[in-house]
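Me: Could you take a close look at the aromatic side chains of this model and the charged and polar contacts that go with them? I would like one connected account, with the criteria stated as they come up.

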Amino acid sequence: MTTKENEKWKTSLSELAYRVCRLGETEPPFSGALLYSHAVGTYHCVCCNAVLFSSGAKFDSGCGWPSFDKVENDAVCNLEDRSHGLVRTEIRCVNCDSHLGHVFDDGPTETKQRYCVNSVSLSFKEGE
């Protein structure tokens, strides 16, 4: 990320959103504003506004972050994450490379996917 891009993100995002989306950190579990939302609509990337998830794909996984069983329109890319002594699959916005969270193969639906997403990396548009 160039210095110019870095400054743009620092001024357009909250401090926590910047640390999560641009630096790959994780928000504290059970702290996100969208965790318990059951409204109908779409979840967008907070950085570029790309549609990432539908409310119909959201479920309560009990993990402390919003969870979804599928992505809209191949909107995320997967990267191997070997941080913290673990092997996980990181998910990023395919449009702007924003860190969103991780995906696991232990979901309760037929997709078996659990996209575990930082609330702060999302914006919500009701009714879409």
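Reply: Phe53 has a relative accessible area of 0% and counts as buried (buried is under 20% relative accessible area, exposed over 50% and partly exposed in between, with a 1.4 Å probe and protein chains only). Tyr115, at 11%, is buried as well. This is a predicted model, in which local features need pLDDT of at least 70 and side-chain atom pairs count only at pLDDT 80 or more, while totals for chains, interfaces and linings use all residues. Residues are numbered from 1 along each chain as its sequence is written, and side-chain values use heavy atoms, with hydrogens and water left out.

The structure contains four aromatic pairs (rings of Phe, Tyr and Trp, the last by its six-membered ring, with centres within 6.5 Å; planes under 30 degrees apart are stacked, over 60 edge-to-face, and the rest tilted). In one of them, Tyr43 and Phe124 are tilted, with 4.8 Å from centre to centre and 50° between the planes. This pair links distant parts of the chain, since Tyr43 belongs to strand 1 (residues 41-45) and Phe124 to strand 9 (residues 122-126), 81 residues apart; strands (E, at least two residues) and helices (H or I, at least four) are DSSP runs numbered from the N terminus. Tyr43 is buried, at 0% relative accessible area, whereas Phe124 is partly exposed, at 23%.

The pair of Phe53 and Tyr115 is also tilted, because the ring centres lie 5.9 Å apart and the planes stand at 55°. Phe53 is in strand 2 (residues 51-54) and Tyr115 in strand 8 (residues 114-117), so this pair ties together parts 62 residues apart in sequence. Together with Phe68, the residues Tyr43, Phe53, Tyr115 and Phe124 make up one aromatic cluster.

Strand 1 also holds Thr42, which is buried at 10% relative accessible area. The side chain of Thr42 is joined to that of His44 by a polar contact of 2.8 Å (a pair of N or O atoms within 3.5 Å; within protein, one must be able to donate a hydrogen and the other to accept it, and residues adjacent in sequence count only if both atoms are side-chain atoms).

Another ring, that of Trp9, has the charged end of Lys8 over it, 3.8 Å from the ring centre, and the charged end of Arg22 also sits over the ring of Trp9, at 4.2 Å from its centre (NZ of Lys or CZ of Arg within 6 Å of the ring centre and within 35 degrees of the ring normal).

Turning to charged pairs, there are seven salt bridges (a side-chain nitrogen of Lys or Arg within 4 Å of a carboxyl oxygen of Asp or Glu). Among them, Arg19 and Glu15 have their closest N and O atoms 3.5 Å apart, and these two residues, four apart in helix 2 (residues 15-21), are separated by about one helical turn. Arg19 is partly exposed, at 29%, and Glu15 is exposed, at 60%. The salt bridge between Glu80 and Arg82 has its closest N and O atoms 2.7 Å apart, and both Glu80 and Arg82 are exposed. Arg92 and Glu90 form a salt bridge of 2.9 Å, N to O, with Arg92 buried at 13% and Glu90 buried at 10%. Through salt bridges that share partners, Glu15, Arg19 and Glu25 are joined into one network.
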